[in-house]
Amino acid sequence: MEMRASKNVPLGQDLTPPISPLAFSLFDSSLQSHCSACFSALSSSLHTPPLPSTVSSNSPHVPPSSSLPLYCSLKCSTASSDLHFSSAQHHLSLLLQSRPASWPHGDSSDLRLALCLLFLCERLGLDKRVADSRIAGLMSNREVLLKSENNDILTRIRDGGKAMAIARKMRDGEEYKGEEAVMEELVLCVVITNSVEVQVNGGRIVGIAIYDTTFSWINHSCSPNACYRFSLSSISENPSISDESNLLIVPARNCSVPQIVNDVSGKVEMGKVWFSSKWLECGPRIIVRSIKKIKEGEEVTIAYIDLLQPMGIRQEELWSKYQFMCFCRRCSALPPTYVDRALQGTSTFMYGCTTNGSDDVVVQKLTDYMDVAVSEYLSNGNPESCCEKLESILSQEAPTTVKLQPLHYLSLKAYTVLTSAYKVRGYQLLLALDPNSNVHQVESFKMNRISAAYSLLLAGSTQHLFLSESSLIASLANYWTSAGETLEGLVRSSVSNSSGEWASRKLCTCLLLGSFDANLISGKAQIAEFEEISRGFLTCISVILPRVWDFLIHGCAYLEIIEQPVAFSGSKGSTSYRYEQENRSQTMSDLFQLSAHCLIYGRYLSNICFGGTSAGLSWNS
């Protein structure tokens, strides 16, 4: 199945209206922090679902209040709470609490989502009309998944189907006698194959959702021409179905849309069955948007995985999760594309290496070492140890003699973690601040300074790769915005800038001022304008960055051998940078200007990828 553009589409245009999910569920870790109906963050005003009239408060089938879903408003609770009980989700909670061995796989969000989808199938009679292993046009892939060599997937499907079957028997007041859970497994496989992780406001991933064929029939590509975003909103007083006049994608001619799909998307039975509970107004809506110019009839594709990985890693992840191999333009290129060669570092990857192992073995050893360092950081909150271990990898000190290039995918992963870890180190030092000494304050500023340098290195590295692979634009938008925010925080935390003299300085007279403001206001981007703005941005920061780079990296051995993070002209010798006090005001002014450029460009790119008001920042602000 595939979806194609119904007309010529420019860069940065929505291809679909907001699409409501068929079913959705929060991760277990988000149940106490986000609304189970609209996925919004919870405030102090919480609402728990009322018990249905058929369930007594003394019933053994009522779980403890701690396992009940929470809602941000009475509207959300009213719209969603009935489903929690009628779909057997609360029986599943009771089962997993009383018999944790029945589900030894951790997070249960996919089981709860599958129960919700299965309840929908029952209400619409779809469980009696399953054809070709599809439900509502969505592929289950059950036969393929059950034959997978990945034993984790097999046991997850078997254990999940059984747990769902037991929960549904509990709901119906019946005893589970070991019957085969074919329908439960089928729906769970639909969830595994078609669900997507829901990211809130471009940040934390809080749950999963599944959508109808308008979205689910869009195929993967490692060089996609579209991306997607989520829209969270509270329950509306007047529920309505998405406006299809804004739909710019259609199934390919050889893909027939079954009547079942119409039922699910709200045109037939859905209105009778679900509108009374406003279910279609619940959950995170998804919007698909073009990130390249798309011709009429051209296939629309999105990325199912992280694109900043070499081909072998991408193929392994796609096969492990979805049981298919990708043959897109990027994956089929011979020789491999520049981006894939750079991410794998094959040209100088073995520089100085005396190991007897193969490249793959060495990379796996480095990956394992890095994963342990990151895991320890996240579990015990020791960012200093994490920084030391990751920088030892980048500096060719441990655990092998292999030298990673600055653009290697493991290097990019390390930059991301180091940006966070150094920022946390700075915050921890401020918490331990001694009022009689400024030592911690100075050291905290140093940590924030190095964090800003790593964020610039990550953004600059991705910018370099983006010049050869434009589908990296979404990652690029996030990294430049993050770099700008980190630099802004650094300037604000300046230890001796009490006068704020630098803040009174105006931004440089930049040729991009009019272009930025015009494009941010209109929300549209033409290819020519986009390329001109990108060139102009790089020209501006190439002037500012050399004046502050040595200041940012001073005291960090690894960063001190890196050229400024956009030029990538190679490594440099060690520096003996001296930060003179009289230069501080000018340095802070330069950092402020660099921060503003990164923020505006990042949000300009975000406007292309995600639309809306994400880029609502002007030069004047």
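Me: Where is Ala88 found?
Reply: Ala88 is found in the loop between helix 1 (74–86) and helix 2. Helices (H or I, at least four residues) and strands (E, at least two) are DSSP runs, numbered from the N terminus. This is a predicted model: local features need pLDDT of at least 70, side-chain atom pairs count only at pLDDT 80 or more, and totals for chains, interfaces and linings use all residues. Residues are numbered from 1 along each chain as its sequence is written, and side-chain values use heavy atoms, with hydrogens and water left out.

Me: Why is Ala88 called buried?
Reply: Buried means under 20% relative accessible area, exposed over 50%, and partly exposed in between (1.4 Å probe, protein chains only). Ala88 has 0% relative accessibility, so it counts as buried. Its backbone is worth a look too: phi of Ala88 is near 75 degrees, a positive value in a residue other than glycine.

Me: What is phi of Gln323 near?
Reply: Phi of Gln323 is near 60 degrees, again positive in a residue other than glycine. Gln323 sits in the loop between helix 10 and helix 11. At 10% relative accessibility, Gln323 counts as buried.

Me: Why does Trp319 count as partly exposed?
Reply: Its relative accessibility is 42%, so Trp319 is placed in the partly exposed class. Trp319 lies in helix 10 (residues 311–322).

Me: What makes the nonpolar surface patch with Trp319?
Reply: Trp319, Met325 and Phe327 make it, and it covers about 370 Å². Patch residues have over 30% relative accessible area and no salt bridge; like charges are joined within 9 Å, nonpolar side chains (Val, Leu, Ile, Met, Phe, Trp, Tyr) within 5 Å. Areas come from the Shrake-Rupley method with a 1.4 Å probe, and for residues only the protein chains shown count as cover.

Me: How do you know that Asp340 and Arg314 form a salt bridge?
Reply: A salt bridge is a side-chain nitrogen of Lys or Arg within 4 Å of a carboxyl oxygen of Asp or Glu. The side chains of Asp340 and Arg314 meet at 2.7 Å, N to O. The pair links distant parts of the chain: Asp340 is in helix 12 (residues 338–344), Arg314 is in helix 10, and they are 26 residues apart. Asp340 and Arg314 are both buried.

Me: How far apart are the closest N and O atoms of Glu469 and Arg329?
Reply: They are 2.9 Å apart, and the two residues form a salt bridge. The pair links distant parts of the chain, 140 residues apart: Glu469 in the loop between helix 16 (439–466) and helix 17, Arg329 in helix 11 (residues 329–332). Glu469 has a relative accessible area of 3%, so it is buried. Arg329 has 53%, so it is exposed.

Me: Why does the pair of Asp590 and Arg547 tie together separate parts of the sequence?
Reply: Their side chains meet in a salt bridge (3.1 Å, N to O). Asp590 lies in helix 20 (residues 584–610) and Arg547 in helix 19 (residues 527–553), so the pair joins parts that are 43 residues apart in sequence. Asp590 is buried at 3% relative accessibility, while Arg547 is partly exposed at 43%.

Me: How many salt bridges does the structure hold?
Reply: It holds 24. One network of salt bridges links Glu122, Arg168, Arg171, Asp172 and Glu184.

Me: How do you know that helix 2 and helix 5 meet?
Reply: Contact means heavy atoms within 4.5 Å. His91, Leu92, Leu94 and Leu95 in helix 2 meet Ala163, Ile166, Ala167, Met170 and Arg171 in helix 5. The axes of helix 2 (residues 89–98) and helix 5 (residues 151–171) come within 8 Å and cross at roughly 115 degrees. Axes are lines fitted to C-alpha atoms, for helices over the stretch in contact, and angles run from 0 to 180 degrees between N-to-C directions.

Me: Which peptide bond is cis, with omega near -5 degrees?
Reply: The bond from Leu334 to Pro335 is. Pro335 is found in the loop between helix 11 and helix 12.

Me: Why does Arg492 count as exposed?
Reply: Its relative accessibility is 66%, so Arg492 falls in the exposed class. Arg492 is found in helix 17 (residues 473–492).

Me: What does the chain hold overall?
Reply: There are 20 helices and 11 strands. Of its 621 residues, 52% count as buried.
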